[in-house]
Amino acid sequence: MMHIYEVRPRKDKRGVDLISDALPFGRLWYAQPNAISNAIKYAKFFSRSHNAVVRVYDEAGNVIETHEHAGDFKE
């Protein structure tokens, strides 16, 4: 199973949203100063037993970064 995450800037310009169907509530809000890196770290941690792709978008909706994570947690 592959988890797909999107990190998108908030319309109110107060940080970013981490969006995914894999999250229990659909999205999480991260505030500055390390909003993007904190969102990426959480997505990788939350998907530690699954493969994951984290896409970071700019305000225009373009992908500016892509991070891939191979699920490495085994029971």
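A: Start with Glu59 and Lys13, which form a salt bridge whose closest N and O atoms are 3.3 Å apart. The term stands for a side-chain nitrogen of Lys or Arg within 4 Å of a carboxyl oxygen of Asp or Glu. Glu59 sits in the loop between β4 and β5 (63-69), while Lys13 sits in the loop between β1 and β2, so this pair ties together parts 46 residues apart in sequence. (Strands are DSSP runs of E with at least two residues, helices are runs of H or I with at least four, and both are numbered from the N terminus.) Both partners are exposed; that word means over 50% relative accessible area, buried means under 20%, and partly exposed lies in between, using a 1.4 Å probe and protein chains only.

A word on what you are looking at: this is a predicted model, in which local features need pLDDT of at least 70 and side-chain atom pairs need 80 or more, while totals for chains, interfaces and linings use all residues. Residues count from 1 along each chain as its sequence is written, and side-chain values use heavy atoms, leaving out hydrogens and water.

Now move to Asp17, which is buried at 8% relative accessible area. Its side chain meets that of Arg27 in a salt bridge (3.1 Å, N to O). Arg27 belongs to strand β3 (residues 27-30) and Asp17 to strand β2, so this bridge ties together parts ten residues apart in sequence. Arg27 is partly exposed, at 47%. Asp17 also forms a salt bridge with Arg10 (3.0 Å, N to O), and Arg10 is partly exposed at 24%. In total, the structure holds five salt bridges.

Val7 is among the residues with the most contacts inside the largest nonpolar core, which has 13 residues. Such a core is a set of buried Ala, Val, Leu, Ile, Met, Phe, Trp, Tyr and Cys residues joined through side-chain atoms within 4.5 Å. β1 (2-9), β2 (16-19), α1 (35-46) and β4 (51-57) each supply at least two of its residues, and α1 gives the most, with four.
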